[in-house]
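Good morning, and thank you for the time. Please have the sequence and the model open before you as I speak.

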Amino acid sequence: MNKNILLYQAMLQHFAGDPRRCQHLIKVASLAKELAILEGADEKLIALVEAAGLIHDCGIVAGEAKYGKGHCTGKIQEQEGPAVARKILSDLGYEAKAVERICYLVGHHHTYTNIDGLDYQILVEADFIVNFYEDGLSKEAIAHTVAKIFRTASGKKLASTMFAI
């Protein structure tokens, strides 16, 4: 069976009882995959960004266990997530190189400087697009973020179309 399907199921279990977070990871993974396809990525990169989208917020559970519900910032997610991701991905049989890169992305997905690859850029853009809607950001805030952080033509176009900016 496709490892990303198994990861999808594992992440729904990870966030069982929390439909908002389940919906979030589904949307981010779907957008990340779509953006990778639109950017002309190969099958390996498409699968990697989809996996990263599915697991990117896995550190929330551990962060909330340490700091309390509602007190898990993006930085805490980045600190707690890689260890959680490494275990889940390794248990599912992902290749070591993919595990390392996905863990890196999980550990940096709220860091918007020194973005070092198309996979990282796509994950950041997909997460932002979903968060724009979920957080109810204004058109002005969305336009500012897109201008400042987005680099892919597909991400810029999708955000501009979706939010009419």
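I shall take the core, then the pockets, the cysteines and a few individual residues.

This is a predicted model, in which local features need pLDDT of at least 70 and side-chain atom pairs count only at pLDDT 80 or more, while totals for chains, interfaces and linings use all residues. Residues are numbered from 1 along each chain as its sequence is written, and side-chain values use heavy atoms, with hydrogens and water left out.

Let me begin with the core. In soluble globular proteins, nonpolar side chains tend to be buried together. A nonpolar core here is a set of buried Ala, Val, Leu, Ile, Met, Phe, Trp, Tyr and Cys residues joined through side-chain atoms within 4.5 Å. For burial, the cut-offs are under 20% relative accessible area for buried, over 50% for exposed, and partly exposed in between, with a 1.4 Å probe and protein chains only. The largest such core has 49 residues, and those touching the most other members are Leu7, Met11, Ile55, Leu89, Ile102 and Phe150. Two or more residues come from each of H1, H2, H3, H5, H6, H7, helix H8 (139–149) and helix H9 (153–163). The element that gives the most to this core is H7, with nine residues. These element names follow DSSP runs numbered from the N terminus, helices being H or I of at least four residues and strands E of at least two.

Which residues does Met11 contact, leaving aside its neighbours within four places in sequence? They are Leu25, Leu54, Ile55, Cys58 and Ile88, where contact means heavy atoms within 4.5 Å.

I turn to the pockets. On a 1 Å grid over the protein atoms alone, a pocket is an open set of points where a 1.4 Å probe fits, with protein on both sides within 12 Å along at least five of seven lines, and lining residues have an atom within 4 Å of a point. Grid points are joined across faces, edges and corners, and a volume is the space filled by probe spheres set on the points.

The largest pocket has a volume of about 500 Å³. It is lined by 21 residues, of which Lys44, Ala47, Leu48, Tyr94 and Ala98 are the closest to its centre. Helix H1 (3–14), helix H3 (43–55) and helix H6 (96–106) are the elements that give two or more residues to this lining, and H3 gives the most, with eight. By residue class, the lining of the largest pocket holds 10 nonpolar, three polar and eight charged residues. In this scheme Ala, Val, Leu, Ile, Met, Phe, Trp, Tyr, Cys and Pro count as nonpolar, Asp, Glu, Lys and Arg as charged, and the others, Gly among them, as polar.

The second largest pocket has a volume of about 330 Å³. Its lining has 20 residues, and the closest to the centre are Arg20, Asp57, Ile60, Gln77 and Asn131. At least two lining residues each are supplied by helix H2 (19–38), helix H4 (59–67), helix H5 (74–91) and helix H7 (118–134). H2 gives the most to this second lining, with four residues. Here the division is five nonpolar, eight polar and seven charged.

Gln77 is buried, at 8% relative accessibility. Beyond its neighbours within four places in sequence, Gln77 is in contact with Asp57, Gly59, Ile60, Cys72, Pro82, His109 and His110.

Next, the cysteines. How many disulfides are there, taking a disulfide as a pair of cysteine sulfur atoms within 2.5 Å? The count is zero. The sulfur of Cys22 is too far for a bond, because the closest cysteine sulfur, in Cys58, is 13 Å away. Cys103 is likewise in no disulfide, its nearest cysteine sulfur, that of Cys58, being 7.6 Å away. Cys22 is buried at 12% relative accessible area, and Cys103 is buried at 4%.

I close with individual residues. Asn114, in the loop between H6 and H7, has a positive phi of about 55° although it is not a glycine. Asn114 is exposed, with a relative accessible area of 67%. Ala164, in the segment after H9, also has a positive phi, near 50°. Tyr67, in helix H4, is partly exposed at 42% relative accessibility. Leaving aside neighbours within four places in sequence, Tyr67 is in contact with Ile76 and Glu80. Finally, Lys157 in helix H9 is exposed at 61% relative accessibility.

Note on methods:
A disulfide is a pair of cysteine sulfur atoms within 2.5 Å.
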